[in-house]
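Here's a quick tour of a ligand site and a pocket. Have a look at the model first, then read on.

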Amino acid sequence: MKKKEPAITREDVVRTLVGQRRPAVCPAGSAFAPSNIALCKYWGKRDEELNLPVTSSLSIALENLGSEITLKPCTKWDRISLNGKLLASDTTFVQRATAFLDLFRPAPDFFFDMRAKNSIPTAAGLASSASGFAALTLALNELFGWKLNRRALSILARLGSGSACRSLYGGFVEWHAGAARNGMDSYAEPLDAVWPDLRLGLLLLSEKEKPIGSRHAMQQTRATSPLYAAWPAQVERDLAALKTAIRNRDFAALGRTAEANALAMHATMIAARPAILYWLPSSLAAMRKIHQIREEGVKVFFTMDAGPNLKLLFLRKEQALLTAAFPELRVVTPFGR
Ligand code: PMV
């Protein structure tokens, strides 16, 4: 019988990428990373420890909405603040940040003063963990003077949260699923494309923390949803369709595919046992309103993540009409104005 190979840990990956580099601790490391919204979703891990995905995915960065993090060495214990407020050690935010920082301490008695500023609501399905772990990885690279390239940083950010590997770049970004057990081929890369007229509208319907986090929700979907088996092949088709739409600047194809992909992802979770349903009555009302506006001839589509909020996709020429229809819409210009 073939002997089972030992599992690869996050510590192993960190050793491979930064083990040889002697940390030259600087007084501080600071970085910003944008949030990202997937047009073709990542839903399901093939490796829980390393956040290796079942499929590739494709996202768009939210320009200047994201996380800014400053790291300094600190004595006695970690000091972690968010938007100017010092957080207690039993908060989810501190626990996730500390578990990530643990991977990089040069000595057990090395502590961090971490100051995070989020320009988007934390944990409301607006991808604040993606920008947070990406900014934290970049700040660590500065603090310790590793001088790692973006591919290595993307791999490290993935260890914090899968979608964080896509937040190292602006614009359209593809995360290659990869096939290696150690995940060294599972990283993100930007697409060589700009689309200045493209707009993303954030429709914030609830800022409450989600009832079930994406890690647990993905596990439950993969383990129990009869629809999950169809997901990987659909992602492959949607990813190809999105790349073609981006290449041809075919907005209708982009919007149609992104919306269908998001709904297919939600269908896999709704069919999980027990069901995972992030939608609120206001989410469904917004979807219906978008469909109605579309029937009137306006090209507008939506996507949704692990939360009740919607993200609208449209072009510059429809902006006035859509902000009138959705006065609370926060418009993002992914490629600048
Ligand atoms: O990276 P995580 O664990 O926060 O998962 C992200 C999952 C989705 O936002 C629903 C999809 C995606 O590709 O961003």
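This is a predicted model: local features need pLDDT of at least 70, side-chain atom pairs count only at pLDDT 80 or more; totals for chains, interfaces and linings use all residues.

## Who's around the ligand

## Polar contacts and burial

Let's zoom in on residues 161, 162 and 163, which each put an N or O atom by the ligand. Ser163 has a polar side-chain atom 2.6 Å from a ligand oxygen. For Ser161, an N or O atom of the side chain is 3.0 Å from an oxygen atom of the ligand. Gly162 uses its backbone instead: an N or O atom there lies 3.5 Å from a ligand oxygen.

How much of the ligand does the protein bury? On its own, the ligand would expose 380 Å², and the protein buries 91% of that.

## The second largest pocket

Now for the second largest pocket, which has a volume of about 260 Å³. It is lined by 14 residues, and those closest to its centre are Val14, Val18, Leu103, Phe104 and Arg105.

Sorted by class, the lining of this pocket has 8 nonpolar residues, 5 charged ones and 1 polar one.

Notes
Residues are numbered from 1 along each chain as its sequence is written. Side-chain values use heavy atoms; hydrogens and water are left out. A polar contact is a pair of N or O atoms within 3.5 Å; within protein, one must be able to donate a hydrogen and the other to accept it, and residues adjacent in sequence count only if both atoms are side-chain atoms. Accessible areas come from the Shrake-Rupley method with a 1.4 Å probe; for residues, only the protein chains shown count as cover. On a 1 Å grid over the protein atoms alone, a cavity is a set of points where a 1.4 Å probe fits but cannot get out, and a pocket is an open set with protein on both sides within 12 Å along at least five of seven lines; lining residues have an atom within 4 Å of a point. Grid points are joined across faces, edges and corners, and a volume is the space filled by probe spheres set on the points. Ala, Val, Leu, Ile, Met, Phe, Trp, Tyr, Cys and Pro count as nonpolar, Asp, Glu, Lys and Arg as charged, and the others, Gly among them, as polar.
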